[in-house]
Amino acid sequence: MTTPADSPVIDLKHVAKTYGRKVHALRGIRMQVHPGEVFGLLGPNGAGKSTLVKIMMTVVRASRALGTMLGRPVGHKPTLARIGYLPEHRRFPAYLTGRQALEHYAALANVDRRTRRRRAAELLELVGLDRWGKSKVSAYSKGMLQRLGLAQAMMNDPELIVLDEPTDALDPVGRREVRDVLQGLRDRGKTVFLNSHLLSEVERVCDRVAILVLGKVVHQGMVDDLTARSRHYEIELGSGPAGRLQEAVRSAIPVEKGTLASGEGVELAGNVVRIGTDDPARVQPIIDALRSRQLVIESVRPVRQSLEDFFIETVSGSDDRSPVPRDGEGDPP
């Protein structure tokens, strides 16, 4: 059974988890992940990210979980065979070689022997471990183990791949290689759901993200849409006496209470003019006006808030301080 192309791969309507009577780890999560996208789950420590992933994969039992994964109710056992999973703290038997470990987990997923041998060789090469396939896992570094875990999550050729901190313990080269793998999976029509605290990595590879704060989804959407309000243009002027720059800018750009006649906000900070619009057509008259005052324009650049800045602003603006356990706290071993 495959998921219809227009149906969400993950459609969570109300996922809640309470430890005891007072500690609410998740408080009614609503989230959608669409087919063929790389979706990033973000949040500070204690937000409930890993708890949500474990509930999706039935490692942790939810207090309440409504919604579907691949078109079937959350927790539907046969559907799990169509999902690849890399847990945050993956473990492999140290006495197995890398190839044996992949084939072992593929056998648990009912992949036939011929297919799992072929896929083990292909995936070891894909994650850069082809020369280490015959070496025991006990000789692997942390980064190599993480790459092996990524390969293991793809052994059953899943429709949905759930990755909990996939770039953990990887150096910059390794993180770039994982990004390339994820983009390749997206190009092949796979859906990837990843939980990560490396915001720069998420921003580079994810189509959409959700930000989880204290057990609630506070923002969800495309990165460009989430940071749209921060978009503006900056015009950097050649250096000169501060007073002369201010006088020339004010004469060139009539401003009342920090707002242009067209409605955009404007600000002069040092030798940089900030204009509150992302429309290049509206910036052209301002450039012309500045040049008419013989001001030297060194650069004109569009600027938007980074995902990291948006994330910090979101987390810092949270007023709810109810106690929530750290991710994984209270989960069974």
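**Salt bridges and core of a predicted model**

User: Is Glu234 buried or exposed?
Analyst: In this predicted model, Glu234 has 9% relative accessibility, so it counts as buried.

User: Which side chain does Glu234 meet in a salt bridge?
Analyst: That of Arg301, at 3.1 Å from N to O. Glu234 sits in strand β11 (residues 232-237) and Arg301 in strand β14 (residues 297-303), so the pair ties together parts 67 residues apart in sequence. Arg301 itself is partly exposed, at 30% relative accessible area.

User: Which residues are linked with them in a network?
Analyst: Salt bridges link Glu234, Glu236, Arg274 and Arg301 in a network.

User: How many salt bridges in total?
Analyst: The count is 17. Another one joins the side chains of Arg179 and Glu201, 2.7 Å from N to O. Arg179 is in helix α6 (residues 172-187) and Glu201 in helix α7 (residues 199-205), 22 residues apart. Arg179 is buried at 13% relative accessibility, and Glu201 is buried at 8%.

User: What about Glu122 and Arg118, where do they lie?
Analyst: Both are in helix α4 (residues 113-126), four residues apart, or about one turn of the helix.

User: Changing topic: which residues touch the most other members of the largest nonpolar core?
Analyst: Leu42, Leu148, Leu163, Leu182, Leu194 and Val209, out of 46 residues in that core. Helix α5 (residues 142-152) gives the most to this core, with five residues.

User: What is in the second core?
Analyst: It is separate and has 29 residues, including Leu12, Met56, Leu160 and Val162.

Definitions and conventions
Residues numbered from 1 in each chain as written. Predicted model: local features only at pLDDT ≥ 70, side-chain atom pairs only at ≥ 80, totals over all residues. Heavy atoms only, no water. Core = buried A, V, L, I, M, F, W, Y, C linked by side-chain atoms within 4.5 Å. Buried < 20%, exposed > 50% of the residue type's maximum accessible area, 1.4 Å probe, protein only. Helix = DSSP H or I, 4+ residues; strand = E, 2+ residues; numbered from the N terminus. Salt bridge = Lys/Arg side-chain N within 4 Å of Asp/Glu carboxyl O.
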